[in-house]
Amino acid sequence: MDEQKQLQEENKVMNGGRQCACEGGTLVRFVQPLLLSLLAKGPCHGYDLLQKISATRMWGENPPDNSGVYRVLREMEKKGLVTSEIVHEHNVGLGRKVYSLTEEGASCRGRWLTTLQKYQQDLTEVIDMLSE
C-alpha cells in the first residue's frame, strides 16, 4: 500500500470510518451548478445528466449518488430553476423525464458563477498561505 493510501486509511480509523475532509473527495454541493451548466446547453434526461456529471474530474472514481442527483433535480424543479416533462420516444415503452433550464435557473447559474469565482480567489489565498 502506498504512503498516501495508508494515511487515508489511518485517517478513516481516527475519524470513525469517515473520510477526513482534508483528503478532498467529492464536493456534493457542486451538483446544482453542474446541473444548471449542463442544462444551459439544452434539455436532457436524468440518465444523461448523471453520465455527464460522472465524467467530470470532480468525481473521479466515485460516481455521484444517483438518488441524490435526482433529489437535487426535484428540489430545483420546486424552486422553479428547471422544468421537466415526460417525453415518449419510439421503441421505448415508458417515457423519459427530460429536464430544461428556466429563466430563473439561468439567473441562478449566473449567480453560481459569481460565487464560485469569489471562492476561487479565496481558495487561492488559502493555498498560498498553506504553501508558505
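Reader: At roughly what angle do the axes of α2 and α5 cross, and within what distance do they come?

Author: Two packed helices are described by the angle between their axes and by the distance between those axes. In this predicted model, the axes of α2 and α5 come within 10 Å and cross at roughly 125 degrees, which makes α2 oblique to α5. The crossing of these two helices is left-handed.

Reader: Which residues of α2 and α5 make the contact?

Author: On the side of α2 the contact is made by Gln32, Pro33, Leu36, Ser37 and Ala40, and these meet Gly105, Cys108, Arg109, Trp112 and Leu116 of α5. When reading such a list, keep in mind that an α-helix has 3.6 residues a turn, so residues three or four places apart point the same way.

Reader: Is α2 largely enclosed or left open by the rest of the structure?

Author: Eight of the ten residues of α2 are buried, and the helix is therefore largely enclosed by the rest of the structure. The buried residues are Val31, Gln32, Pro33, Leu34, Leu35, Leu36, Leu38 and Leu39, and among the elements that cover them are β1, α3, α4, β2, β3 and α5. Just after α2, glycine 42 takes a positive phi of about 145 degrees.

Reader: What is the strand order of the sheet, and how are the strands paired?

Author: The sheet is open and has three strands in the order β1-β3-β2, with antiparallel pairing. Because β1 (44-45) and β2 (82-87) stand at the edges and have a single partner strand each, one side of each is left without a neighbour in the sheet. Between β2 and β3 (residues 96-101) there are six bridges, and serine 84 has tyrosine 99 in β3 as its bridge partner.

Reader: Which helices lie across these strands?

Author: Helix α2 (residues 31-40) lies across β1, β2 and β3, and runs at about 90 degrees to β3. Helix α4 (residues 66-78), for its part, lies across β2 and β3 and runs at about 115 degrees to β2.

Reader: Which residues of the largest nonpolar core touch the most other members?

Author: That core has 20 residues, and those touching the most other members are Leu35, Leu49, Ile53, Val69 and Met76. The elements giving two or more residues to this core are α2, α3 (46-54), α4 and α5 (103-131), and the largest share, six residues, comes from α2. Leucine 49 can be followed as one example: leaving aside its neighbours within four places in sequence, it is in contact with Leu35, Leu38, Leu39, Cys44, Leu73 and Tyr99.

Notes: Residues are numbered from 1 along each chain as its sequence is written. This is a predicted model: local features need pLDDT of at least 70, side-chain atom pairs count only at pLDDT 80 or more; totals for chains, interfaces and linings use all residues. Side-chain values use heavy atoms; hydrogens and water are left out. Two strands pair if DSSP finds at least two bridges between them. Helices (H or I, at least four residues) and strands (E, at least two) are DSSP runs, numbered from the N terminus. Contact means heavy atoms within 4.5 Å. Axes are lines fitted to C-alpha atoms, for helices over the stretch in contact, and angles run from 0 to 180 degrees between N-to-C directions. A nonpolar core is a set of buried Ala, Val, Leu, Ile, Met, Phe, Trp, Tyr and Cys residues joined through side-chain atoms within 4.5 Å. Buried means under 20% relative accessible area, exposed over 50%, partly exposed in between (1.4 Å probe, protein chains only). Angles under 35 degrees count as roughly parallel, over 145 as roughly antiparallel, 65 to 115 as roughly perpendicular and the rest as oblique. A crossing is left-handed if the near helix is turned anticlockwise from the far one by less than a right angle, and right-handed if clockwise.
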